[in-house]
Amino acid sequence: MTSLAALLVLGVATATLPGCAPNDPAPAFEAGSSASPTAQPSDGQAEAPGARDGLGGPGASASPKPATKVLAAGNPNGRATVPAEARAVDTSKPTRTIGTGTPASCTSTAVVKAVAAGGVITFNCGPAPVTIKMAATAKVRNANGPKVVLDGGGTVTLSGQGQRRILYLNTCDEAQGYTTSHCQNQDHPQLTVQNLTFADGNSTGERVEGGGGGAIFVRGGRLKVVNSRFVRNRCDRTGPDLGGAAIRVLSQYENKPVYVVGSTFGGASGQGGSCSNGGALSSIGVSWVVLNSVLSHNEAIGSGANPAKSGTPGGGSGGAIYCDGNEFTVRIAGTIIENNRANEGGGAVFFVSNNRTGTMRIENSTLRRNPSGKFETSGFPGIFFLGARNPTVTGSKLS
């Protein structure tokens, strides 16, 4: 085991968010039930700070009850309570529909146009499952919305064909239009993806805003993921701080959390994501609430850690989740994180709060078989953590 001093050198990332634009002023699994060595009392139901606002809920646009599951995603044995704003959005009255009832009518061009136009988007591709091969990345126009909801109805797969990123939102990208004077902290667009599969996204070589986000890249506004699957996504193989084979997020409005609910990242051998860091999720300065989900068979394949050791390209941390920044929180509840790996640290989760204010809670979850190649925090297998205090673990198994 590497000494604590060495761990601190290897583990502390020094990431900062890319600057704003120049003219911007500012399978079912059984969840474990036995307490970890550091278990502390908790009801396991608390919402993240600021969980009452945005993302289409809990007002009229939120489903009044949990949506019917139409896609086999997430941990069916997860029992974490899902707050109103984290539930699927009601899409019974869509703004626009992709397709006219046949698979041939559901095209990459139609997806790109619909996402750019915004609003509540559904698909009509016929009753059978369909894969839409994306010939271009679908980009959110910041002035269109303010809500952008993409609902695949459980039958639609968006494929990057191993060649491109699938979905992109960036409030600080001039090409997508500026809509406020503070692009890094605005409440819109509010992007929700639900009942969708994202397959074979690849952002390799996309280094704007630091890279990452093989399937979805988001900076600014809000993001929510519900009942969705992410398989075989990729981003750059090496480099410090870049990451998120499936999802990369920078800056969320007033540090409100990204919700990931009832979703699967990987799920089986050969289906996981692969990136320098964060084989599934990656962020800088962003809070997460991951509920009733499965993250498995993802990998962080970089080498040299963060910041990169001399003579190395850097990376290799956070087999499933990579989080860096200052004030942010991570809550994992009702979730399975297993069979992920990291070449360097945090085979399951890499969490570094540079100013030591960040906190992490793990509730009624199972983390197992997540090897860390070189370092992890003693007593927390698969986790490398530097924050305000050790992670709070209740009703969970860590092995």
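**A tour of the salt bridges**

Begin by selecting glutamate 363, which counts as buried at 1% relative accessibility. The model on display is a predicted one. Arginine 331 belongs to strand β20 (residues 329-333) and glutamate 363 to strand β24 (residues 359-363), so the pair ties together parts that are 32 residues apart in sequence. Arginine 331 also counts as buried, at 5% relative accessibility.

Move on to glutamate 299 and arginine 341, a salt bridge whose closest N and O atoms are 2.9 Å apart. Here strand β18 (residues 299-300) carries glutamate 299 and strand β22 (residues 341-342) carries arginine 341, so parts that are 42 residues apart in sequence are tied together. Glutamate 299 is partly exposed at 23% relative accessibility, and arginine 341 is partly exposed with a relative accessible area of 35%.

The next stop is aspartate 236 with arginine 207, which form a salt bridge with the closest N and O atoms 3.3 Å apart. Aspartate 236 sits in the loop between β10 (229-231) and β11 (247-250), and arginine 207 in the loop between β7 (190-199) and β8 (216-219), 29 residues apart. Aspartate 236 is buried, at 7% relative accessible area, whereas arginine 207 is partly exposed, at 46%.

Finally, display the whole protein. The structure holds 11 salt bridges, and its secondary structure comprises 2 helices and 28 strands. Of the 399 residues, 59% are buried.

Technical notes: Residues are numbered from 1 along each chain as its sequence is written. This is a predicted model: local features need pLDDT of at least 70, side-chain atom pairs count only at pLDDT 80 or more; totals for chains, interfaces and linings use all residues. Side-chain values use heavy atoms; hydrogens and water are left out. Helices (H or I, at least four residues) and strands (E, at least two) are DSSP runs, numbered from the N terminus. Buried means under 20% relative accessible area, exposed over 50%, partly exposed in between (1.4 Å probe, protein chains only). A salt bridge is a side-chain nitrogen of Lys or Arg within 4 Å of a carboxyl oxygen of Asp or Glu.
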